[in-house]
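Q: I have a structure open beside its sequence and would like to learn how to read it. Could you take me through it one feature at a time?

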Amino acid sequence: MESSSSSPSLQIHDLEKNDEETIKKTEDLPINRYKEMMSTLPREKNWANSIEDFYQYQGFWYMDFILEGVLSVQENFKAKPTDIILASFMKTGTTWLKSMAFAIITRLSFDLSTNTSPLYTKGPHECIPFLEYDKMEKIIEIPLLGTHIPYTSLPKSILDCGCKIVYIWRDPKDVFISLWFFLGKIFMYSNDEPIPLEEAFELFCKGIVTNGPYWDHVLSYWKAKLEFPEKVLFLKYEEMKDDTYFYVKTLAEFMDYPFTIEEEENEVVQKIVNMCSFENMSNLEVNKNGKYHSSASVPIDNNAFFRKGKVGDWENYLTPEMGTVWM
């Protein structure tokens, strides 16, 4: 395993020199040509009354603009063996995972003691783009990419090149509650409201949710973990909350950026734990008042990605009967 101390210094990303061809292909892609194919797919009601229906593709449900992004990367994205894919279902700890992975990989380029990391001025989703939502622009050249795409629908180049994948999952009851509140904020941008919680709960249980069914999404990565244990790291949100220090070290080792004994003695691991904590990240100015500018939708307030970050919050919203559905 290669030590992080031997990794090359990170450089500011030069779009004209490094990614001009990739970005041009993304900009020129005729997304509308997917519309005809999408019109033939099964459809179900969305979680907001005026939003277009979900489309079912390869066994999973998507909003139209998300499915267009999935189809685009399946056709065009070329993964490299050095890429590290941070995969998740929505609201399972995506923002937290991105923050930790970014902080680990960039720790030699930015002084953790002086708050110079880009995480202090840019949201985690701006630091690490989503495959299906964003143009492949990075503020610095690092191997990290995020996605909500299930394993079985990932671009073939990812599966073929053998790049590493980190997957995070979470108690589905907390996922549902967090997602319902998150989408409520998103729907406000179109002057819409989400359907009642009880109705959304029924749809979630049936698997009719963005990137759902949830358990099929989790299972796709679990099977990949069993088949390729050296290539897939399978993390559980609740366990990471219980021992964040241990999992920051685990994540660093898996990504081939392990901490040295000297770094541990200098509390570098603990500094990353503290920097990426919900309390710290949610109180940064960029995450209180900044916006995430996805190429696939309207800008989203960064504070929408930070609600509570607690385990078991579902008990404040679901009935005991609803809470037994996934027991």
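A: Gladly, and let's start with a charged pair: arginine 43 and aspartate 53 meet through their side chains in a salt bridge, at 3.8 Å from N to O. The two sit in distant parts of the chain, ten residues apart, with arginine 43 in strand 1 (residues 43-44) and aspartate 53 in the loop between strand 1 and strand 2 (54-57). Keep in mind that this is a predicted model, in which local features need pLDDT of at least 70, side-chain atom pairs count only at pLDDT 80 or more, and totals for chains, interfaces and linings use all residues. Residues are numbered from 1 along each chain as its sequence is written, and side-chain values use heavy atoms, with hydrogens and water left out.

Q: What counts as a salt bridge, and how many are there by this rule?

A: The rule asks for a side-chain nitrogen of Lys or Arg within 4 Å of a carboxyl oxygen of Asp or Glu. The count comes to twelve salt bridges. One of them joins lysine 45 to glutamate 199, with the closest N and O atoms 2.6 Å apart. That pair spans 154 residues, from the loop between strand 1 and strand 2 to helix 8. Another is formed by the side chains of aspartate 171 and lysine 173, at 3.2 Å from N to O. Salt bridges that share partners also join Lys35, Asp64 and Glu68 into one network.

Q: Are the residues in these pairs buried or exposed?

A: Buried means under 20% relative accessible area, exposed means over 50%, and partly exposed lies in between (1.4 Å probe, protein chains only). Arginine 43 is partly exposed at 40%, and aspartate 53 is partly exposed at 28%. Lysine 45, at 35%, is partly exposed, as is glutamate 199 at 33%. Aspartate 171 and lysine 173, in contrast, are both buried. Across the protein, buried residues make up 55% of the 327 residues.

Q: How many helices and strands does the protein have?

A: Helices (H or I, at least four residues) and strands (E, at least two) are DSSP runs, numbered from the N terminus. The protein has 16 helices and nine strands.

Q: Which strands does strand 6 pair with?

A: Two strands pair if DSSP finds at least two bridges between them. Strand 6 runs parallel to strand 4 (residues 84-88), joined by five bridges, and also pairs with strand 7 (residues 232-236) in the parallel sense over five bridges. To find these on screen, look for isoleucine 84, whose bridge partner in strand 6 is lysine 164, and for isoleucine 165, which stands opposite valine 232 in strand 7. Strand 4 is also joined to strand 5 by four bridges, again in parallel.

Q: Why is strand 6 described as largely enclosed?

A: Six of the six residues of strand 6 (residues 164-169) are buried, so the rest of the structure largely encloses this strand. Both of its faces are covered, with Lys164, Val166 and Ile168 on one side and Ile165, Tyr167 and Trp169 on the other. Strand 5 (residues 144-147) likewise has both faces covered: Leu144 and Gly146 are buried on one side, Leu145 and Thr147 on the other.

Q: What should I look for in the backbone angles?

A: Most residues other than glycine have a negative phi, and most peptide bonds are trans. Here, lysine 91 has a positive phi near 65° and lies in the loop between strand 4 and helix 4 (94-105). Aspartate 256 also has a positive phi, about 70°, and is found in the loop between helix 11 (244-254) and helix 12 (261-265). For the peptide bonds, look at glycine 212 and proline 213, which are joined by a cis bond with omega about 10°.

Q: How many disulfides are there by this rule?

A: A disulfide is a covalent bond between the sulfur atoms of two cysteines. The rule asks for a pair of cysteine sulfur atoms within 2.5 Å, and the count comes to zero. Among the cysteines, cysteine 127 is buried at 1% relative accessibility, while cysteine 205 is partly exposed at 32%.
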